[in-house]
Amino acid sequence: MIQNIETYLVDVPTIRPHRMSVATMNTQTLVLVRLRCADGITGWGEATTIGGLGYGGESPESIKTNIDTYIAPLLVGMEASEVAKAMARVRKVIQGNRFAKCAIETALLDAQARRLNVPLSELLGGRVRDALPVAWVLASGDTARDIAEGEKMLELRRHRIFKLKIGLRDVMDDVAHVLEIKRALGERASVRVDVNQAWSETDAVRGIAALEAGGIDLIEQPVKAGNRAALARLKQRFDVAIMADEALHGPADALALAQADAADVFAVKITQSGGLLPALEVATVARLAGVGLYGGTMLEGGVGTAATAHVCSTFAELAWGTELFGPLLLTQEVLREPLVYRDFMLQVPTGPGLGVEIDMDKLRAMQRV
Ligand SMILES: O=C(O)C[C@H]1C=CC(=O)O1
Ligand SMILES: [Mn+2]
């Protein structure tokens, strides 16, 4: 039986300012959910977002309030091992709130996988890979600092895929910044950009032409999320791969994007999809439509990152790797043992459930009161 559900806001400083067109982050607010069951089993979930309300329609505070006020009371007293029934109830009664639903579903699945003593991946169809390529985001705002950071990551053998956040400056200034980094890192790295919706279609045509000519591998969400037709036109116009991120809020969007032939790649995010099982549905649509997959992040800490790793471990094809570096951007860990990054890959945890343990002392020390 589900006994109680608690939510925590945990403010963690980042290792450096993280500059995106939507927000500059100096602190990340982790939204964590603990679900306790009458059989003594505890499950954890995460619903972290970026930049307050700057990125998505749910803020850390609204997620906490909506879980505490509306979602937890629906679930307390239900059978904890009947995850699908519990989520069906939540999905029937609660509109929207994809991030909150994701955290709840993660906690239920974590608890159930622990109960069955299997890694969470095995409840999702089973893993076909034990390690995932992981990108790093260069977003200090300074070209020389970004190049030095990229060199350091290559030397540490931690990352050889770099995503650059652009869209704040004039198009051609951003292009110059990206191409300087690409020239410095050369063939040793895959260099990609994320515009976070900042360009008009005409900006995008100019910018993408120059980036493609300069050897950039992937262009993420160049135009507004709602402008699916423009995304499709850019996809038809250019050879360089175009990725949908903010345009993709779950399986229905995945189907619509696929039908419109609007993207070469989907950024699969468990929070944006509204949960782990909807994220698998997004991946299935992609597979059937011939769209490539990329494991995306909302810069979550260890819980959400582990949950996404379990999801991505089940993908037969993961052509574009992942960006599951969230915990590495934070100065403090909430896990007892950090996730393992080695040889450019994140190791998918192997223990029961998510395969990560929360350190309650560390969490309490950073918890917002
Ligand atoms: O992809 C996004 O738009 C969000 C996020 C992922 C990595 C990062 O730095 O920001
Ligand atoms: Mn993005």
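Visitor: Where is the place of Thr305 in this structure?

Guide: In this predicted model, Thr305 sits in helix H11.

Visitor: Is Thr305 buried or exposed?

Guide: Its relative accessible area is 1%. Buried means under 20%, so Thr305 counts as buried.

Visitor: Which residues is Thr305 in contact with, leaving aside its neighbours within four places in sequence?

Guide: Thr305 touches Glu300, Leu324, Pro327, Leu339, Tyr341 and Leu346.

Visitor: How many residues of helix H11 are buried?

Guide: Helix H11 covers residues 302–312, and eleven of its eleven residues are buried, so the rest of the structure largely encloses it. Among the buried residues are Gly302, His310 and Cys312.

Visitor: How should I read the packing of two helices, here H2 and H3?

Guide: Two packed helices are described by the angle between their axes and by the distance between those axes. Helix H2 (residues 83–93) packs on helix H3 (residues 98–116) at an angle of about 170°, and the axes are 10 Å apart. That angle makes H2 roughly antiparallel to H3.

Visitor: Which residues make the contact?

Guide: From H2 come Val83, Ala86, Met87, Val90 and Arg91; from H3 come Lys101, Ile104, Glu105, Leu108, Leu109 and Gln112. By class, the contact of H2 with H3 has seven nonpolar residues, one polar and three charged.

Visitor: Now the metal. Which residues coordinate the manganese ion (ligand 2)?

Guide: Asp194 (OD), Glu220 (OE) and Asp245 (OD) coordinate the manganese ion, at 2.0 to 2.2 Å. In sequence these donor residues follow the spacing D-x25-E-x24-D.

Visitor: Which parts does the pair Glu220 and Asp245 tie together?

Guide: Glu220 lies in strand S8 (residues 218–220), while Asp245 lies in the loop between strand S9 (241–244) and helix H8 (251–259), so the pair ties together parts that are 25 residues apart in sequence. Glu220 and Asp245 are both buried.

Visitor: How many disulfides does the structure hold?

Guide: A disulfide is a covalent bond between the sulfur atoms of two cysteines. The structure holds zero disulfides. For Cys37, the nearest cysteine sulfur is that of Cys102, 17 Å away. For Cys102, the nearest is that of Cys312, 12 Å away.

Visitor: Are Cys37 and Cys102 buried or exposed?

Guide: Cys37 has 4% relative accessibility and counts as buried. Cys102 has 0% and counts as buried too.

Note on methods
Residues are numbered from 1 along each chain as its sequence is written. Chains are lettered from A and ligands numbered from 1 in the order in which they are written. This is a predicted model: local features need pLDDT of at least 70, side-chain atom pairs count only at pLDDT 80 or more; totals for chains, interfaces and linings use all residues. Side-chain values use heavy atoms; hydrogens and water are left out. A disulfide is a pair of cysteine sulfur atoms within 2.5 Å. Buried means under 20% relative accessible area, exposed over 50%, partly exposed in between (1.4 Å probe, protein chains only). Donors are N, O and S atoms within 2.8 Å of the metal (3.2 Å for Na, K and Ca); water is not among the atoms, so sites may look incomplete. Helices (H or I, at least four residues) and strands (E, at least two) are DSSP runs, numbered from the N terminus. Axes are lines fitted to C-alpha atoms, for helices over the stretch in contact, and angles run from 0 to 180 degrees between N-to-C directions. Angles under 35 degrees count as roughly parallel, over 145 as roughly antiparallel, 65 to 115 as roughly perpendicular and the rest as oblique. Contact means heavy atoms within 4.5 Å. Ala, Val, Leu, Ile, Met, Phe, Trp, Tyr, Cys and Pro count as nonpolar, Asp, Glu, Lys and Arg as charged, and the others, Gly among them, as polar.
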